[in-house]
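Dear colleague,

Please find below the structure that I am handing over to you. My notes on what was found in it follow directly after.

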Amino acid sequence: MALERIVSLAPGRTCLFGDHQDYLELPVIACAISRHITLTAIKNNSQKLIINKPDINEIRVINLKEPIAKIEKGDHLLTALKVVEQYKCIPNKGYDIHISGNIAINAGTSSSSAVVVAWIKFLLKAFGCNQKVTKELVSKLAYQTEVEYHNSPGGRMDQYSIGLGNIMYLETDAKAHYVTFDKPLKGLIVAESGIPKQTTGVLGELKEKALLAVHKVKEKIPSFELKEVNKDELPWYLNYVSDDLKVFLSAAVLNHDITQRAFKEFQKETWSTKSIGALMTEHHEILKNYLHLTVPRIDDLIDAGLSAGALGAKIVGSGRGGSIVLLVNEGEEDKIIDSLLKAGAKDAYKVQVDPGARIVEPKSIRS
């Protein structure tokens with residue numbers, strides 16, 4: 001019997017370390033944050049999924065009696081139906097569905113991935129599948145929906161961070177090995193620049209050049225593995241790439257080194273927020289000075305936050321707009337938020353580490 005009412009919740013995410021590393025299959029450290037997409041579904045008497053997305057002023061109807069003939073690239077709701085179909089999740093009952101949230105749109109905090117994860121959680125809960133529904137399975141299906149199905153640029157950080165929750169270290173190759181840290185990281189602030197990020201164009205551009213740089217080294221050294229390169233070895237490998245590609249190889253190696261040092265810090269029993277913050281700022285400098293991902297307002301916000309006493313700050317996501325994340329001493333959040341707003345932030349707010357996507361209705365021990 002179909003469930004009468006289902007509420008699926010998915011958090012946003014922020015990237016602490018490893019921006020522009022996942023498409024190189026290098027590890028990332030990301031954090032699910034306490035901003036959410038909420039999907040509320042109420043069973044109707046039709047064979048239609050009637051989807052209302054008031055945040056973007058969109059209403060959509062998917063008629064379950066009609067076969068899916070063609071899926072446009074970027075149509076993640078329809079793509080997800082094809083992806084979950086492979087796991088014998090076959091929608092056969094209609095629902096009135098309301099999707100809304102407080103994750104900033106187009107700001108680098110993964111509102112679109114949160115919608116996809118919440119949607120897949122709903123589909124699996126409402127219509128079942130032929131496998132045990134785990135956080136890993138939901139993350140995998142979301143990645144297939146957003147990236148693999150249409151061979152879109154990007155990696156698996158967003159879907160896994162939202163699906164798994166907490167702070168996550170993720171090996172972004174096909175094995176997707178991960179470690180989660182179920183501890184709070186107090187003092188996190190997100191500040192929105194109000195400038196839309198440029199996801200597809202930036203990702204495609206930088207991914208192409210970074211992969212080309214790696215390819216050029218492999219032409220000379222077939223055994224070359226980017227993840228095994230020590231930053232002290234970087235000057236030697238730069239001899240194998242053209243001048244215009246050196247910056248992309250350098251950024252990949254240096255950011256990987258920073259992420260590994262951060263991973264060591266997170267594995268300690270007691271975290272040093274001072275050390276984590278310093279590494280965040282070091283990572284930001286690579287994103288800014290090597291990959292040119294910042295814009296003047298982002299620079300102003302970073303400078304304002306650090307000048308006000310933040311332990312660390314960095315741009316988040318694909319870049320050239322979007323948001324920044326800061327780590328500050330607990331108790332100093334309001335002072336630093338005020339400095340960010342005065343520096344031109346569209347919005348700035350405290351966030352907590354979130355446990356990840358979940359079904360909140362009907363309640364169960366495992367959702």
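A salt bridge is taken here as a side-chain nitrogen of Lys or Arg within 4 Å of a carboxyl oxygen of Asp or Glu. This is a predicted model, in which local features need pLDDT of at least 70 and side-chain atom pairs count only at pLDDT 80 or more, while totals for chains, interfaces and linings use all residues. Residues are numbered from 1 along each chain as its sequence is written, and side-chain values use heavy atoms, with hydrogens and water left out.

Salt bridges

The structure holds 21 salt bridges. One of them joins Arg261 to Glu282, with the closest N and O atoms 2.6 Å apart. Arg261 belongs to helix H7 and Glu282 to helix H8 (residues 273-289), so this pair ties together parts that are 21 residues apart in sequence. Helices (H or I, at least four residues) and strands (E, at least two) are DSSP runs, numbered from the N terminus. Arg261 is partly exposed, at 31% relative accessible area, and Glu282 is partly exposed as well, at 33%. For these classes, buried means under 20% relative accessible area, exposed means over 50%, and partly exposed lies in between (1.4 Å probe, protein chains only). Arg261 and Glu282 also belong to a network of salt bridges that links them with Lys231 and Asp257.

Two further salt bridges each lie within one helix. In helix H5, the side chains of Glu219 and Lys216 meet at 4.0 Å, N to O. Because these two residues are three apart in the helix, about one helical turn separates them. Glu219 has a relative accessible area of 49% and is therefore partly exposed; Lys216, at 31%, is also partly exposed. In helix H10 (residues 333-342), Lys342 and Asp338 are four residues apart, about one turn of the helix. Their closest N and O atoms are 3.1 Å apart. Lys342 counts as exposed because its relative accessibility is 69%, whereas Asp338, at 37%, counts as partly exposed.

The cavity

How many cavities of 30 Å³ or more does the structure hold? There is one, and the largest cavity has a volume of about 50 Å³. A cavity is a set of points, on a 1 Å grid over the protein atoms alone, where a 1.4 Å probe fits but cannot get out, and lining residues have an atom within 4 Å of a point. Grid points are joined across faces, edges and corners, and the volume is the space filled by probe spheres set on the points.

The lining of the largest cavity consists of His20, Gln21, Tyr23, Leu24, Leu206, Ala210, Phe248, Ala251, Ala252, Asn255 and Leu291. Helix H5 (199-220) and helix H7 (243-266) are the elements that give two or more residues to this lining. The largest share, four residues, comes from H7. By type, the lining residues are eight nonpolar, three polar and no charged. In this count Ala, Val, Leu, Ile, Met, Phe, Trp, Tyr, Cys and Pro are nonpolar, Asp, Glu, Lys and Arg are charged, and the others, Gly among them, are polar.

Buried strand residues

Thr14 is part of strand S1 (residues 5-17) and is buried, at 1% relative accessibility. Leaving aside residues up to four places away in sequence, Thr14 is in contact (heavy atoms within 4.5 Å) with Ala30, Cys31, Ile33, Val316 and Val325.

Ala313, in strand S9 (residues 312-315), is buried at 0% relative accessibility. With the same exclusion of residues up to four places away, the contacts of Ala313 are Gly277, Met280, Thr281, His284, Ile302, Leu306, Val325 and Leu326. Ala313 and Leu188 are 125 residues apart in sequence, and their C-alpha atoms are 9.7 Å apart in space.

Backbone points to check

Most residues other than glycine have a negative phi, and most peptide bonds are trans. Ala176 has a positive phi, near 50°; this residue sits in the loop between strand S6 (167-170) and strand S7 (178-181) and is buried, at 8% relative accessibility. His292, also not a glycine, has a positive phi of about 55°. His292 lies in the loop between H8 and helix H9 (296-307) and counts as exposed, at 51% relative accessibility. The peptide bond from Glu361 to Pro362 is cis, with omega near -10°, and Pro362 is found in the segment after strand S12 (358-361).

With kind regards

Definitions and conventions:
1 Å grid on protein atoms, 1.4 Å probe; cavity = no way out; pocket = protein on both sides within 12 Å on 5 of 7 lines; lining within 4 Å.
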